[in-house]
Amino acid sequence: MATEMKTESEEEKNKIDVLPEECIANILLLTDPVDSCKFSIVSKDFCSASESDIVWEHFLPSDLISIISESQSGSSLLATSPSKKSLYLTLSDNPIIIDNGKKSFQLEKQSGKKIYMLSARDLSITWGDTPTYWNWIILPESR
């Protein structure tokens with residue numbers, strides 16, 4: 001009985017190994033970044049596909065180049081990232097300053113959704129220039 005089970009699992013393994021890497025990459029395109037990483041433990045082919053630039057480019061925003069071009073560090077970020085996965089993880093862990101320091105941009109690590117943080121000075125606040133209603137406090141650590 002144990003021999004039969006081993007044979008069945010070996011047959012199942014062989015079925016997975018038959019899939020071409022491009023097919024596996026297309027499957028991973030239907031997942032999210034977290035699941036893509038989890039699938040990397042299934043087999044060597046899944047691992048290779050889950051590391052591919054094709055998969056990770058899909059998880060990056062389509063307008064990423066225009067967003068990054070608003071940053072002083074944008075071109076160096078693209079040049080120093082060895083892969084699309086590395087770029088994704090860098091943008092997830094380290095927000096970049098864009099729009100002349102008025103905003104920051106980051107990717108949400110689990111889903112790849114865009115996160116923008118706005119500078120308070122960039123907001124239109126009613127009576128924001130009137131000390132009676134609004135007092136701007138300068139914090140040195142926020143610079």
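View A. Lys114 is partly exposed, with a relative accessible area of 39%; buried means under 20%, exposed over 50% and partly exposed in between (1.4 Å probe, protein chains only). The model is predicted: local features need pLDDT of at least 70 and side-chain atom pairs count only at pLDDT 80 or more, while totals for chains, interfaces and linings use all residues. Residues are numbered from 1 along each chain as its sequence is written, and side-chain values use heavy atoms, with hydrogens and water left out. The side chains of Lys114 and Asp63 meet in a salt bridge at 3.0 Å, N to O, where a salt bridge is a side-chain nitrogen of Lys or Arg within 4 Å of a carboxyl oxygen of Asp or Glu. Asp63 sits in the loop between H5 and helix H6 (64–68) and Lys114 in strand S3, so this pair links distant parts of the chain, 51 residues apart. Helices (H or I, at least four residues) and strands (E, at least two) are DSSP runs, numbered from the N terminus. Asp63 is also partly exposed, at 28%.

**View B. The salt bridge between Lys85 and Glu51.** The closest N and O atoms of Lys85 and Glu51 are 2.9 Å apart. Lys85 belongs to helix H8, and Glu51 to the loop between helix H4 (44–50) and helix H5 (53–59), so the contact ties together parts that are 34 residues apart in sequence. Lys85 is buried, with a relative accessible area of 16%, whereas Glu51 is partly exposed at 39%. The count for the model comes to 4 salt bridges.

View C. The open sheet of 3 strands has the order S1-S2-S3, with antiparallel pairing; two strands pair if DSSP finds at least two bridges between them. Strands S1 (96–98) and S3 (114–118) stand at the edges with a single partner strand each, so one side of each has no neighbour in the sheet. The twist averages 30° from one strand to the next; axes are lines fitted to C-alpha atoms, for helices over the stretch in contact, and angles run from 0 to 180 degrees between N-to-C directions. S1 pairs with strand S2 (residues 103–107) over 3 bridges, and Ile96 has Phe105 in S2 as its bridge partner. Helix H8 (residues 84–93) packs on the sheet and touches S1 and S2, its direction making about 130° with that of S2. Contact means heavy atoms within 4.5 Å.

View D. Ile97 lies in S1. Leaving out residues up to four places away in sequence, Ile97 touches Glu70, Ser71, Gln72, Lys103 and Ser104. Asp99 is partly exposed at 24%, and Lys103 is partly exposed at 25%.

**View E. Ser36 in helix H3.** Ser36 is placed in helix H3 (residues 33–39). With 0% relative accessibility, Ser36 counts as buried. Beyond its neighbours within four places in sequence, Ser36 is in contact with Leu28, Thr31, Ser50, Val55, Trp56 and Phe59.
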